[in-house]
Amino acid sequence: MGNGFWEKVLRVDLTSGTITEERVPEEIWKRYLGGGGYGAKVLYDEVGPEVGALDDENRLIFSTGPLQAARQTGAAKFTVVAKSPVTGIFGESAAGAGWGVALKRSGYDALIIQGKAATPSYLLIHDNTIEIRDAAKYWGQDAFDSSDQILEDSGLEKASICTIGQAGENTVAIACIVVDKHSFAGRCGLGAVMGSKNLKAVVTKGSQNVPVHDQEKLNGINKNIGKTVHENTKDWLRLHGTPFVEVGCDADGDTPTKNWREAHWPEGAEKLGSPNYTDTLNAKPHGCAYCVVGCHRDIEISEPEAYKMKGPGPEYESLGMLGNSCLMDDVKALSHMNDLCNRYGVDCISMGSFLAFTMDCLENGYIKPADIGGVELKWGDKENMIALIHDLGNRKPGFGELFADGIVPAAKQLGDKALELAPHVKGLDLPAHDPRAYFSLALNYATGSVGPHHERGNPQVATAGFLLPEAGVTEIVDRFQMENSEFVAAKYQDYGTLTQAICHCKFMLFGGYSMTVLLDSVNAITGWEWTMDDMLQTAERIFTLQRLVNVTYGIDRKDDTLPAIIFKPSEEGSRAGKYPHDFDAALDRYYDLRGWDQNGVPKQDTVDSLGVF
């Protein structure tokens with residue numbers, strides 16, 4: 001009998017070349033679970049405010065949770081945590097594919113990387129064999145080509161790999177981590193942290209079965225929930241992936257159209273979303289390990305020659321940011337842009353935001369073509385968009401250097417009027433969902449642990465009937481309701497925090513995977529015999545710890561705000577005249593609900609009652 005944890009963490013100091021195993025007792029995992037919970041504890045304990053995101057002393061934490069022992073649909077996730085070069089605060093991103101399962105099967109619950117290698121290196125983890133290997137010949141290669149070559153040279157069949165492209169090597173702030181050329185730890189610039197450590201890749205393969213408390217009970221849960229989720233998603237999410245929501249989001253005024261200036265673009269949405277996306281790109285589902293949904297897309301483009309490709313296709317967020325926000329409706333060109341971002345290893349959300357912001361600034365005269373390498377970038381200008389993606393990926397002078405440190409440093413160079421057009425919270429670009437379409441999203445973006453994030457709290461789904469009755473969200477929520485928005489935002493933030501700590505895919509909620517099933521799974525794995533209250537309190541504990549990390553990094557009420565454009569209502573469409581009104585009063589209520597003071601700092605009584613430490 002086991003508890004789903006090895007109670008072991010692997011620590012690698014790249015400066016000294018030291019590799020150590022550390023025992024982390026069950027009590028720590030019970031308190032923080034794993035993923036973004038354990039990662040927050042490491043940051044709080046080891047990375048003080050004086051440490052810069054690209055400093056050697058920053059930690060890069062790859063963490064699994066109990067669910068990686070389950071072989072269950074949605075249980076292929078893992079989380080990467082570090083101080084973010086985009087925001088300077090708690091940074092977290094999740095990915096799927098097979099890497100988290102491989103790390104868990106290697107005999108470790110988490111990996112902590114610190115220091116900086118003297119020369120480009122990669123890390124190999126194969127059960128008890130841990131090696132730091134030379135990566136000089138792969139440095140300068142894109143994430144896909146280097147993944148193939150490193151795996152071939154590693155000598156490990158069917159291993160899993162996390163790698164960075166040229167953007168990470170060049171410490172571009174929005175660099176991401178590419179997983180098995182399939183999934184991406186996209187937000188917060190964690191690929192830049194990896195590049196700052198001269199670390200090209202982490203190759204992992206494991207052959208050990210993680211001991212769990214009640215395998216027979218777990219097998220029954222897996223079988224039943226697999227059937228349920230497949231049946232509930234096969235005709236939409238499996239068939240079309242996240243591009244399924246493009247047309248509906250446009251109708252709701254939820255897309256970031258023209259750098260958030262417009263509410264609708266139906267003709268563009270029809271071209272970008274399904275079924276046109278599915279038909280034009282010959283899109284097929286691609287699942288992570290054990291998943292019955294397969295929301296990722298494998299696509300193939302045979303013509304035109306310039307966009308020819310075969311591989312992972314864009315998700316909704318890429319469609320929204322590279323498409324709607326830039327008024328670019330050619331789905332083949334967008335797929336090529338997405339592929340470039342994947343290969344360079346840059347976050348498609350921020351990339352689209354940079355391009356749309358630049359178009360807006362050029363149109364308003366806040367930037368000159370000479371500032372971005374002489375490019376006359378206009379709305380929908382796909383060829384110049386492609387050219388500028390190359391520039392940023394390679395950190396070339398002009399656009400590449402201007403945006404290398406993120407949208408806020410770029411906007412500050414351009415002046416106060418440009419800064420007003422930058423759609424960010426705490427330095428992180430807004431993802432492709434509009435808080436003017438769902439008011440609870442406004443509080444989520446303003447107070448989120450990493451900045452604005454649609455998956456670390458997605459209260460907008462409560463308007464579509466994907467509820468959390470165990471957490472008190474029992475009825476469909478009016479999307480324009482500011483009253484009680486604090487409660488809805490907080491509960492979906494807690495749910496997002498919980499799934500990121502347990503390391504489980506939140507998309508399973510769309511297939512009927514309830515919090516009760518999650519609790520039953522955790523108990524079958526761990527034997528902890530938790531109640532629902534225990535699990536919900538753990539989510540609050542972790543979210544509060546993440547806030548305390550950010551408080552040590554200087555975050556308070558002044559930072560819990562939104563871009564000015566979000567308080568400007570549209571004059572037409574389904575959200576005409578709507579914006580998240582009385583925001584400060586709602587923020588006060590949110591702080592009260594969280595047990596934080598009116599400056600956004602968790603009260604000592606709250607910290608003590610939740611057992612944060």
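Colleague: Are glutamate 455 and lysine 506 buried or exposed?
Modeller: This is a predicted model, in which local features need pLDDT of at least 70 and side-chain atom pairs count only at pLDDT 80 or more, while totals for chains, interfaces and linings use all residues. Residues are numbered from 1 along each chain as its sequence is written, and side-chain values use heavy atoms, with hydrogens and water left out. On relative accessible area (buried is under 20%, exposed over 50%, partly exposed in between, with a 1.4 Å probe and protein chains only), both glutamate 455 and lysine 506 are buried.

Colleague: How many residues apart in sequence are the parts that glutamate 455 and lysine 506 tie together?
Modeller: Their side chains form a salt bridge at 2.6 Å, N to O, the term meaning a side-chain nitrogen of Lys or Arg within 4 Å of a carboxyl oxygen of Asp or Glu. Glutamate 455 belongs to the loop between helix H20 (440-447) and H21, and lysine 506 to the loop between H21 and helix H22 (515-526), so the parts they join are separated in sequence by 51 residues.

Colleague: Which helix holds arginine 343, the salt-bridge partner of aspartate 142?
Modeller: The closest N and O atoms of aspartate 142 and arginine 343 are 3.6 Å apart, and the pair ties together parts that are 201 residues apart in sequence, because aspartate 142 lies in the loop between strand S8 (129-134) and helix H4 (143-154). Aspartate 142 is buried at 13% relative accessibility, whereas arginine 343 is partly exposed at 25%. Helices (H or I, at least four residues) and strands (E, at least two) are DSSP runs numbered from the N terminus, and arginine 343 is in helix H14.

Colleague: By about how many helical turns are lysine 41 and aspartate 45 separated?
Modeller: The side chains of lysine 41 and aspartate 45 meet in a salt bridge of 2.7 Å, N to O, and lysine 41 is partly exposed at 21% relative accessibility. Because lysine 41 and aspartate 45 are 4 residues apart in helix H2 (residues 35-46), their separation is about one helical turn.

Colleague: What is the relative accessible area of serine 353?
Modeller: Serine 353 sits in helix H15 (residues 348-364). Leaving aside residues up to four places away in sequence, serine 353 touches Met321, Ile407, Pro423 and Asp429, where contact means heavy atoms within 4.5 Å. Serine 353 counts as buried because its relative accessible area is 1%.

Colleague: Near what value is omega for the peptide bond from glutamate 303 to proline 304?
Modeller: Most peptide bonds are trans. The bond from serine 274 to proline 275 is cis, with omega near 5°, and proline 275 is in the loop between helix H11 (266-272) and helix H12 (276-280). Proline 304 is placed in the loop between strand S14 (296-301) and strand S15 (309-312), and the bond from glutamate 303 to proline 304 is also cis, with omega near 0°.

Colleague: What is the phi of arginine 395?
Modeller: Arginine 395 is in the loop between helix H16 (382-393) and helix H17 (399-402), and is partly exposed at 22% relative accessibility. Most residues other than glycine have a negative phi. Arginine 395 is not a glycine, yet its phi is positive, at about 50°.
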